[in-house]
Amino acid sequence: MCGIIGYTGKKQAKQIILEGLAALEYRGYDSAGLCVRGTDNKFNTVKCGGRVSELAAAADMVDLTGTCGIGHTRWATHGGPTKENAHPHTSESLILVHNGIIDNCLDLRRMLTEEGYVFLSETDTEAVAHLLDREYRACGDPAEAIFRTIRLLNGSFALAIMFKDRPGEIWATRRDNPLIVASAEDGSYLASDIPALLHHSRDICRPEEGVAVCVRADSITVTTPDGKSAPAKLERIDWNVGTADKEGFAHFMLKEIHEQPDAVRRCASHRVNAAGLPDFTVDGIDPSFWTSFDSIAIISCGSATHAGLVGRYLIESLAGIPVTVNTASEYRYDPPATVGHTLALAISQSGETADTLAGLRLAKSNGLLSAAIINVFGSAIAREADHVMYTNAGPEIAVATTKGYSTQVAILALMAAQIAYARGKMTAEAAAEYCRGLVNDVPAAISAIIARRDEIKALSAKIYNNSDLYFIGRGPDCPAGTECSLKMKEISYIHSEAYAAGELKHGTLSLIEQNIPVIALATDKRYYDKMTGNIREVRARGGYVLLACEPDFAHPEEFSDDSFILPAVPAVFSPLVSVVFAQILAYEAALIRGCDVDHPRNLAKSVTVE
Ligand code: G6P
């Protein structure tokens, strides 16, 4: 992944680059660097292992006067997050930053070493720098050198390059990774995403794959591999990014947890018509669409897959059509067999996860109809899917998703009712009642849980000191548990697994010993008896049971060490409610453990590498 930025124009580049990198930090934050071309035409470079804030401090110690520069914030792939491995990387004639991953870098390193190039880092990027240097010195033309170089690269990249003998210019190219260039009064910009540029310019261009872009203060030129050059075609962006401010909350994650009632209500009510029925015509989707496929193949990664698991439960139980939930990194190479007309449904908060995008492309090339549930407007997956349903959750900054996930589930819940209603599996009255529940009762239940943060904090104090814990549940609590468990491990670093409660005894029960926490979710009365049996099995082995159940669960105190009574909602909606309890539980446990809640170690929000 990584974030790249560049500026050339009338203003000083340093501050623009540092601000841009701060906006791109969600893409990676383990090391960072920048280079500004000095007035003497020298490359002045600062790098550090660590955050952009540390880079900014280091940059203050150096003279970085100059109006043309590039910057990078890194999520390490090749080589640890050290100063040496931080970008930019140099070769004799150039300096560059890279977002992506070069699959054949070992072969390239070997070849270039034999040719006399000396490597100073462990990165794949340095091989690109030397290869491009070799080609530039051979042909003397930046665009031609870029084309020659990228023909030799396997993998994905967005590159921003400054050549020593081309002052005022930044060259760029991309394959499978995002790159935006923008034109403004004061100069020209490039970055990995639009929001990082929007306060500078609304006139942007998304270069095609494999072209060479030359960015100058007063022009942006695109050269295609056949050698033809033309000014970049700019499009006007008319949408705004929401606020990326903590607004008084201690962390973005906490703010985003609090935004969930409104986000879910907004996302669902937007798709309920005057008759109170599900209606996706606001997304440009005709009602006939919902009867045009026989099954759904969900393609996604991480929490979006967990939303997909809840979606499968809802769609299969309400509408009775088969749904498969496919991890995108597997689907892109081994898609399962399909029967009849299958809708490929990509789910992605960022809209640019590389595996999800590749899975969508494969599904389309296999002739599948496609749709996507996306948060980030205009992102790659949104542009490539046949239909897009935006979650409109607003910018999600914390790496661990909260409102992004909830709004994905809200759309899937409405889709389930829409498909069921369109196929005569649900009456208009039942569908309207369902929509009322989703628009009114679910947001109210989420708010009620958020208001009980102190109670959840006290419960987190009972589990935070463990290295392992388990979530168990049945029915809707099974897919819900997967996301609850992921929240716990990604931000508190407590190892956590989610199990179908009946499955625990088939192996994992051997791990239950004195005081190991098991968080039992019980929100569907059809399974209460079975759940009490499974809970007993845990307690008989000394496990500590925290029961999160609905008010009609009789005598929770008899079956648990501690309990948390969730607000009552119909069982089909409970995954939208129980997850909020788990989000806050994980958040509080992470705080006690001193974790960096918004920036968990080793992770990034937007994963644009395989
Ligand atoms: C990363 C994030 C996860 C997210 C996943 C998929 O791993 O850390 O929180 O669920 O990517 O992201 P997407 O943007 O496709 O939903």
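Colleague: How many residues does helix H8 have, and what should they span at 1.5 Å a residue?

Modeller: A helix here is a DSSP run of H or I with at least four residues, a strand is a run of E with at least two, and both are numbered from the N terminus. The expected span is 1.5 Å times one less than the number of residues, so the 18 residues of helix H8 (residues 302-319) should span 26 Å, and its end C-alpha atoms are 25 Å apart, which agrees. This is a predicted model, in which local features need pLDDT of at least 70 and side-chain atom pairs count only at pLDDT 80 or more, while totals for chains, interfaces and linings use all residues. Residues are numbered from 1 along each chain as its sequence is written, and side-chain values use heavy atoms, with hydrogens and water left out.

Colleague: Which residues of H8 are buried, and what follows the helix?

Modeller: Buried means under 20% relative accessible area, exposed means over 50%, and partly exposed lies in between, with a 1.4 Å probe and protein chains only. The buried residues of H8 include Ser-303, His-306, Leu-309, Leu-314 and Ala-319. After H8 comes Gly-320, whose phi is positive, near 70 degrees.

Colleague: How many residues of strand E23 are buried?

Modeller: In strand E23 (residues 517-522), 6 of the 6 residues are buried, so the strand is largely enclosed by the rest of the structure. Both of its faces are covered, with Pro-517, Ile-519 and Leu-521 buried on one side and Val-518, Ala-520 and Ala-522 on the other.

Colleague: Which strands are joined to E23 by bridges?

Modeller: Strands of a sheet pair through backbone hydrogen bonds, either parallel or antiparallel. Two strands count as paired if DSSP finds at least two bridges between them. Strand E21 (residues 468-473) runs parallel to E23 and is joined to it by 3 bridges, with Phe-471 standing opposite Ile-519. Strand E24 (residues 544-549) also runs parallel to E23, through 6 bridges, and here Ala-522 stands opposite Cys-549.

Colleague: What do E23, helix H16 and E24 make?

Modeller: A crossover is right-handed if, with the strands pointing away from the viewer, the path from the first strand over the helix to the second runs clockwise. E23, helix H16 (residues 528-539) and E24 make a right-handed β-α-β unit.

Colleague: What is the order of the open sheet of 7 strands?

Modeller: Its order is E5-E6-E7-E8-E12-E13-E14, with antiparallel pairing. The edge strands, each pairing on one side only, are E5 (89-91) and E14 (229-231). Within this sheet, 3 bridges join E8 (residues 170-175) to E12 (residues 212-216), and Ile-170 stands opposite Val-215 in E12.
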